[in-house]
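Let's take a walk through a protein model together. Have the picture open and follow along as you read.

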Amino acid sequence: MKIFETHAHLDLKDFNKDRARVIEQSKKVGVEYLINIGYNEETSKNSIELASVHDFIFASVGFHPHDATEYNSDIIRKLAHKEKVVAIGEIGLDYYRNLSPKKIQQEVFADQIEIAKQLDLPLIIHDRDAHEDCYNILKEHKAKQVVFHCFSGDVVFAEKVLAEGWKLSITGTVTYKNNESLRDVVRMLPDHSFFIETDSPYLAPLPNRGKRNAPYYLPFVIEEIARVRMQAPNRIAEMTFQNAERFFFTDKIKIK
Ligand SMILES: [Zn+2]
């Protein structure tokens, strides 16, 4: 099975003791590409660093809404030009934890959308309890290449996102008992419209919920999506691989 892991945070200290082993193990289950995600200056730089030492790892750079008060536009512009940076993210709005004031979250989000547009880079969106505002700000700024990471909306919101030609990405939360609403979304998604991810070290899928997550748990996510959609696991791995490849690897990115 050939897998594209579109969202992991392997630079975090949760992996300090066994990062090399986690990376090896992930390759063993079939992970052929992995995007390591930045959410502030430090993690964006660490993502680039990690990508520079592993052929199959690529990086995204951005300021998460939690870190919006630390935002520095120049830093993101500079980092976005580094080798193997394939996206701006994760950026967006988080009205659940509200660690930064809403207004600042919105300004920082909007500025990074503009940077991504200028550089022709796709956007990885973090949206927690902020569906309408995320959607409106993206529309207002005419964002084209967009993925809602760890999609948490309902079928109605999914349809709105798809109508814009945007993508969604599904994590291990699809395996959680109480998450029938996400399974309803997964059931209706067109084949070309979604990716898979772990958001490691967070959100480990069943049967490992509560443990540290890692990309080698992606087969559990694939199995559940396959069950819900009544498609073969191999087919899910293959189509999400192609979808992600098309989305993140625009012609200007040279893949080794
Ligand atoms: Zn994340």
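Below is a short tour, from the whole chain down to a single residue.

## The big picture

First things first: what you're looking at is a predicted model. The chain contains 9 helices and 8 strands.

Now think about contacts between residues with a separation of 6 or more: 69% of them involve residues 24 or more positions apart.

## The sheet

Now find the strands. All 8 strands form an open sheet, in the order β1-β2-β3-β4-β5-β6-β7-β8, and the pairing is parallel. At the edges sit β1 and β8 (194-196), each pairing on one side only. Neighbouring strands of the sheet are turned by 25° against each other on average, ignoring direction. As a bit of background, strands of a sheet pair through backbone hydrogen bonds, either parallel or antiparallel.

Further along the sheet, strand β5 (residues 123-128) and strand β6 (residues 146-148) run parallel and are joined by 3 bridges. There, Ile 124 stands opposite Val 147 in β6. Helix α4 (residues 102-119) lies across β4 (85-94) and β5, and runs at about 160° to β4.

Let's zoom in on strand β2 (residues 31-37). How many of its 7 residues are buried? The count is 6, so to speak a mostly covered strand.

On one pairing, 4 bridges join β2 to strand β1 (residues 3-8), and the two run parallel. Look for Phe 4, whose bridge partner in β2 is Tyr 33. In the other pairing, β2 and strand β3 (residues 57-61) also run parallel, joined by 4 bridges. This time Ile 35 stands opposite Phe 58 in β3.

How does the chain get from strand to strand? β1, helix α1 (residues 19-29) and β2 make a right-handed β-α-β unit. Another right-handed β-α-β unit is made by β2, helix α2 (residues 41-53) and β3.

Ile 76, Leu 79 and Ala 80 are buried here. Seen down the axis of α3, the buried residues fall within an arc of 100°, so they line one face of the helix. What do they pack against? The buried residues of α3 pack against α2, β3, β4 and α4. Over on the other side of α3, Asp 74 and Lys 78 are exposed.

Finally, look for Thr 240 in helix α9 (residues 233-248). Is Thr 240 buried or exposed? Thr 240 has 28 other C-beta atoms within 10 Å, and 20 or more is enough to count, so Thr 240 is buried.

Which residues does Thr 240 touch, leaving out those up to four places away in sequence? They are Phe 4, Phe 194, Phe 195 and Ile 196.

Key:
Residues numbered from 1 in each chain as written. Predicted model: local features only at pLDDT ≥ 70, side-chain atom pairs only at ≥ 80, totals over all residues. Buried ≥ 20, exposed ≤ 12 C-beta atoms within 10 Å, placed from the backbone. Contact = placed C-beta atoms within 7 Å. Pairing = 2+ DSSP bridges. Right-handed = clockwise from strand over helix to strand, strands pointing away. Axes fitted to C-alpha atoms, helices over the stretch in contact; angles between N-to-C directions. Arc of directions from axis to C-beta.
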